[in-house]
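Here is a short tour for anyone meeting this structure for the first time. Have a look at the fold, then read on.

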Amino acid sequence: FRERDRDIWDIERRIIGHLLGDSAEKLDQLTADSIVIAHDLTPSQTANLDKHRILGFATDLGGKTSHTAILAHAMRIPAVVGLKDITSHVRNGDPVIVDGMRGQVIIEPDGDQVFNYRQEQMAFAKVQSELDAMAGLDARTTDGTDIKLWGNIEFPDEIPAAVNNGATGIGLYRTEFLYLAGNIAPTEDEQYLAYKQAIESLGGDKPLTIRTLDLGADKLMGNDITPVDERNPFLGVRSIRLCLQNLPLFKTQLRAIMRASAHGKIRIMFPLISNIMELRQAKMVLNDVIEDLAEQKVPFDSDVPVGIMVEVPSVAIEATKYCNEVDFFSIGTNDLIQYTVAVDRGNERVANLYSAAHPAVLQLIRGVVQSAKRCDVDVSLCGEMAGDPVFVMLLVGIGLRSLSMTPPAIPEVKKLIRQVSIKQCERIARKARSLETDRAVLNYLRDETRKLLPDVF
């Protein structure tokens, strides 16, 4: 019954809506510009929003690094999540301002508030126009060090926007949204065509990093693929664990990826690896697929790089042990923070405890970067932390030279990188790591970033 509480809430809202005479519209078929106020939006519901009609949304539940919030950022939809009871304060037809920058929702704003926000909109558009001009420039520090800025995507049709924003590759392709969009497992051919479209959109010369299926936890499908009765789904059967317990599903995706590798630079990335045996099992399944394709004379690239997401503390601590097993690391800070500080990143009631500036998180990231450097293994960072200007100088100072983020964040990050030197970033990183609390780290980094990007704060 606990697992069905959302269904009951949904029925309640529908009944009340009918009693009040409200007309219901599907979120992907709206006839007028709208702001969505909801108790919660699942990642699949967010992915299916009508981007041309939804001007913004606000929810009772959620955290700023929940998949719903991440999708909103990627789709350039202003959103405020985790407001606890916004649905009890707003009725259909109320005028609302959603301020995604400050995390505020203003209900029935007065004339002065509307005027001020109109002025802010115009100022923001001007800043955005200046940032758009950065797309064709190199992400190079003042002392000549190039930083790779890659994009995180959910669908192949996002790639042109990523490239237009200045992405030189895709560091994270979240393939589970191929499953969530239709709420049904796509066939091998359907996946192959999606991956082929993605690599061709990159021109065949830019890398496409495909993360294998990361279903489970808050990304559930309406069938038997994802378990719905787990008491603690973020610590349960999700991601690589789900794939290794469902080999036909896993092999179908790997076959599609390897077939698409014949068309360009593809990299395969396994998520949520927590021990070395999981990685070796996943690689064995991949090798079985490769052997089958070779026997069937299906073309593929035999030198596809294979890497892992470092998003579990057990792997971050022992990163050196994984160096001989992989071609690259990608630090997934969204989950790494969650598991390090024991905070559900989608729970608004403990959102204040979820912090990328936590000293332990910084120590883990630095340790992974140092291990990768010693072993000569490529390392990047693909969490929301990478696209937050506040953390850019810290990450570069720690030693990262590749960051992957939602495409809209790229121009701002590039503008910052072009104003700093490596020595300056290393000084900032040393100072940040010497501080005792996440609040002190965050305040220090904000002050340093404000000097270079005053328009951001």
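This is a predicted model: local features need pLDDT of at least 70, side-chain atom pairs count only at pLDDT 80 or more; totals for chains, interfaces and linings use all residues.

The crossing of the two, α15 and α16, is right-handed. Here's who touches whom, with contact meaning heavy atoms within 4.5 Å:

| Helix | Residues in the contact |
|---|---|
| α15 | P389, V392 and M393 |
| α16 | E412, V413, L416 and I417 |

By type, the residues of this α15 and α16 contact split into 6 nonpolar, no polar and 1 charged.

Now for the strands. β6 (residues 148–153) and β7 pair in the parallel sense over 3 bridges, where pairing takes at least two DSSP bridges. N152 sits opposite L172 in β7. Is β7 buried or exposed? In strand β7 (residues 170–174), 5 of the 5 residues are buried, so the rest of the structure largely encloses it. Buried means under 20% relative accessible area, exposed over 50%, and partly exposed in between (1.4 Å probe, protein chains only).

Last stop: Q370, which lies in helix α14 (residues 359–375). Q370 is partly exposed, at a relative accessible area of 30%. Its C-alpha atom is separated by 37 Å from that of T42, 328 residues apart along the chain.

Residues are numbered from 1 along each chain as its sequence is written, and side-chain values use heavy atoms, leaving out hydrogens and water. Local features need pLDDT of at least 70 and side-chain atom pairs count only at pLDDT 80 or more, while totals for chains, interfaces and linings use all residues.

Terms used. Helices (H or I, at least four residues) and strands (E, at least two) are DSSP runs, numbered from the N terminus. A crossing is left-handed if the near helix is turned anticlockwise from the far one by less than a right angle, and right-handed if clockwise. Ala, Val, Leu, Ile, Met, Phe, Trp, Tyr, Cys and Pro count as nonpolar, Asp, Glu, Lys and Arg as charged, and the others, Gly among them, as polar.
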